[in-house]
Each structure stands twice: as C-alpha cells, then as structure tokens.
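Hi there,

Here is the structure I promised to pass along. Have a look at it first, and then read my notes below.

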Amino acid sequence: MQNQDLNSLEPQTENIVENKELSIWEALIPVIALVAMLAYNVFVFGDDALSGSNQFILLLGGAVAAIVGVFNKISYTKMMSEVAENVKSTTGALLILLMVGALSGTWLISGIIPTMIYYGLQILNPTIFLMASVIICAIISIATGSSWTTSATVGIALIGIGNALGIPLGMTAGAILSGAYFGDKMSPLSDTTNLAAAMAGSDLFSHIKYMSLTTIPTILVTLTVFVVLGFTIDTTGSTDTQALLSAISETFQINGWLFLVPVAVVLLILKKAPPLLALLIGTLLGGLFALIFQPEVVMGITEAKELTFRSGYEGVIKAITQSTSIPTESAVLSDLFSSKGMSGMLGTIWLILCAMVFGGIMDGIGALSRISAALLSMAKSTFGLFSSTVASCLALNVTASDQYLAIVVPGKMFSKAYQEKGLAPENLSRTLEDSGTVTSVLIPWNTCGAYHSGVLGVSVADYFFYAIFNWLSPFMTLIFAALRIKIKMLATATVSAR
C-alpha cells in the first residue's frame, strides 16, 4: 500500500517464527479471546470503541497470547523482540500519518481543499460522483503505486465533495478505497504488488497480467454497483449547491494557482521521491500559500489584527499541529472545514501500536505460522489450496494486523504446495493480492484499516459494505478457482492438478 521507501523494514526478509510444540488450539486461544473481547467491547461502546477501549483490548489479547507462550516455554525476551520488530516495521506508516495530519491542516487554511471542493461541486453531481471517485482514485493509485497517497490527497478532497453533495460518507469512502486499491494492485510501482510476486517466485509483469483476469471483472462489478447507487441515491435535504459555492467563495479566495501544490506532490511521488519528503514539501507549500492567498483565514486562527511574521507563523503551526476550524455561514461547511492536524492522528497511531503488540506476540510464540500450517494441511485439492491461501491471508490480516505479514507468511508457507500441484507461481501471487492486500483495509486494527479510517475520517464499520472491490476480490479468486477459469499450470509440470 505504501511505497517501499516508507518502510524501514524489508518485508522480504521478515523471519517467520515456527513452534512445532504449539498445537493449533493453543494458537487459536488468543484469537478467540480477542474476537470475543472486541465484540463485547464494541457492543458496550459502539462507535466510541476506537477512542481507546479497543486499543486496550488488543493489549489484553497480547497478554493472553503471552500466557500461551509462557506455558510453551517461550521467553519474555523473545516475545518482546518480535513486538519490537513489529513496531519498527510501522515506523514509516506512523510518520506518514503525522505528516498527513499536518498536510490536511495547511491544505485547509491555504484554501487548497476548499478550492478542490468548489470546482468539484460544479463538475461532479450525485449521479456520477461515486463512479467518478472510483475512476479518479484508480488513475492516481496506478500512477503513484500507493493507495495511501491517494487517500491522503485526492481522497480527502472527494470526501469533502461527497459530504457537500449529501452523499453518505461511507459510500464515498468505499468508492475511494475501491479505486485506490484497484490501482495499487495493478501498478508496477506498488510495494505489495512487487512483494506478492517475489514471495511466489513470479515475474512482476506476468503477475500483473495474470492478476488482471480476476481484478478487471471485480472492478467492473464495483463500477456497476456504484452507477446504480448513483441513480438511486437519495440526496433529499442536502444543502443547495449554489449556497455552498457562495459560502466557500466568501470565506476563501478561490484561485487556480492553489492546484500547484497537489500537482507538485503527485509529481514528486511520480519521480520516486520518498513519500514522506513529498508530503513534507506539500505541507510547507500549503503553509506558504496560506500566507499568500488566505491571510484573513490565518489571522482568524490567531485572532491577530494584522498578518505579521509572528502571527503568520503561529497560524500555520497551529493548523499543522492542532485542531483548526474555519467558520462559515453554512453549517455543512463549518463541519467540513475543520482539521485536527497532527494531534488528530494520535488515536490512530495508538491503535496501530497496540495492534503491533498483539501481532508481535502472536508471531513470537509461533501462532501465526501454526495457523497457516493448519490451513495448508487442509488443502486436499486445487480449490482447497486456493481456499486455504485465502483463509490464511484473511486470518493474518486479523491476527497480525499487518498487510505485509498477510502476504509474506502465506507466500512462504504455500509456495511449495503450489509447485507440487503443478500450478504456476502466478496463481499464488494473484491469490495473495486478491485476499491479503485488499482486505487489510477492512480490519479496523490493521495498519491499513486504521490509516485509511483516520485519514478519511470515516470508520471501517461505515465504509466496509461500500468497499465493494476490497471484499469482492477474494470471492472472485475463489470463483475462478472453483470453475477452473484460467488456472495457469507450470510449463514443465509433471503433476496434474486434482
């Protein structure tokens, strides 16, 4: 999802801890305990569960896993070492989250996001908005190779436009993520696309070509659903567009030059600049453009009577680090034109860290490899092998809370089984992407789910159903396997697939 430059950890070199003494039932104890505790916690706290209680439940789940480890003579030092490696692997993601918070602050006060919304309201009407969002995000994600970058830039603007048009946030977020993950999967610049091919031993472009067999039908179904939703969506009661446009233009100076900043960020990423650097430059340019184009907005933040170096500096830094709200005459826009800055990302960072504790201990006691091995042992046929791979990827996205492990562990565990059945490596690499890469965003405590939910400001529960491409992909790969559609065999295979 992120570009490789974001991660200090090379996923290809991750060590998979094996513990042959651990039974499958012992490996499942922490998972069962975690699911039960999370279910009850969500029942009690509802939408507020991610405010901190779910984070603590993840730590309790880690404690249960640690107890299982102690009974299996796994040292505390070993478990903490794996936790440390897990946390280390999220360094890039955590920094990206902070920088996205900073960028959203300066892009708000500079008028960049309001300008995008202003023009977007005139171009995109509710009928075509969801379909257009899928296509726009797919193009950006293919070009950048990163669904994370797509959400942090055009995704934020589309959320604002959709909200102003009266479209439910969950629908808009689902369309954004469907397009972003389609592009991420199909882009040769994507780290997960490269990783899946490497784990299976497949050529990158052969992998992408073979993956298109399931990916294109899935995105076509997704687009069809969003087209139907566009014609049937009820936007009754949404604020009049002209009133919104007037409120935006009265609050911000709308100027086409503001588009130079997002264009510069996208160009930097296309030129393979580290995304962190691109987002930092985008943040600083946003602050500079705020001083040039929106001096009254900056003064309003600091309540200064005139724009000086001190008041300008104070306003920009506040927007970067703290909650900022720009009042307008429209109640819809007053809610929309607010940013929590870097501070608004701390809850998501907290969630990721707690998830990494659980995943690290599960890996340290050998539970992750044991669960994958159990699933592999159930694969008695070609369809069974595909099904076990999908189940393993989904299980690791839930338990390890990390998309890379959901690709690496099954990739290493299942590669020999695919060879023995005479199946080309593209079958494995495609299945890893169809089930490991895209479903990570559907798990609230997974790094991807936490990231996109935090950036877009929409809970996973709200967008889950509408992230059609993401949950449909593993079903599509299973349908192809069950019907034996385009199952590629090894050229020199002597073993027939059963």
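Predicted model: local features only at pLDDT ≥ 70, side-chain atom pairs only at ≥ 80, totals over all residues.

Residues are numbered from 1 along each chain as its sequence is written, and side-chain values use heavy atoms, with hydrogens and water left out. Helices are DSSP runs (H or I, at least four residues), numbered from the N terminus.

Two packed helices are described by the angle between their axes and the distance between the axes. Axes here are lines fitted to C-alpha atoms, for helices over the stretch in contact, with angles from 0 to 180 degrees between N-to-C directions.

Helix α2 (residues 53-71) and helix α17 (residues 346-364) have axes that come within 8 Å and cross at roughly 10°. That makes α2 roughly parallel to α17 (angles under 35 degrees count as roughly parallel, over 145 as roughly antiparallel).

With helix α22 (residues 447-456), the axis of α17 comes within 9 Å and crosses at roughly 175°, so α17 and α22 are roughly antiparallel. Thr348, Leu351, Ile352 and Met356 of α17 meet Thr447, Ala450, Tyr451 and Gly454 of α22. That contact of α17 with α22 divides into five nonpolar, three polar and no charged residues.

**Helix α24**

Helix α24 (residues 468-482) has a kink of about 25° centred on Pro474 (the bend is the angle between axes fitted to the seven residues ending there and the seven starting there). In α24, 11 of its 15 residues are buried (under 20% relative accessible area; exposed is over 50%, partly exposed in between, with a 1.4 Å probe and protein chains only). Pro474 is one of those buried residues. The cover includes α8, α10, α19 and α21. After α24 comes Arg484, with a positive phi near 55°.

**Val225**

Val225 sits in helix α10 (residues 204-232) and, at 30% relative accessibility, counts as partly exposed.

Best wishes

Technical notes. Helix = DSSP H or I, 4+ residues; strand = E, 2+ residues; numbered from the N terminus. Parallel < 35°, antiparallel > 145°, perpendicular 65-115°, else oblique. Contact = heavy atoms within 4.5 Å. Nonpolar A, V, L, I, M, F, W, Y, C, P; charged D, E, K, R; others polar.
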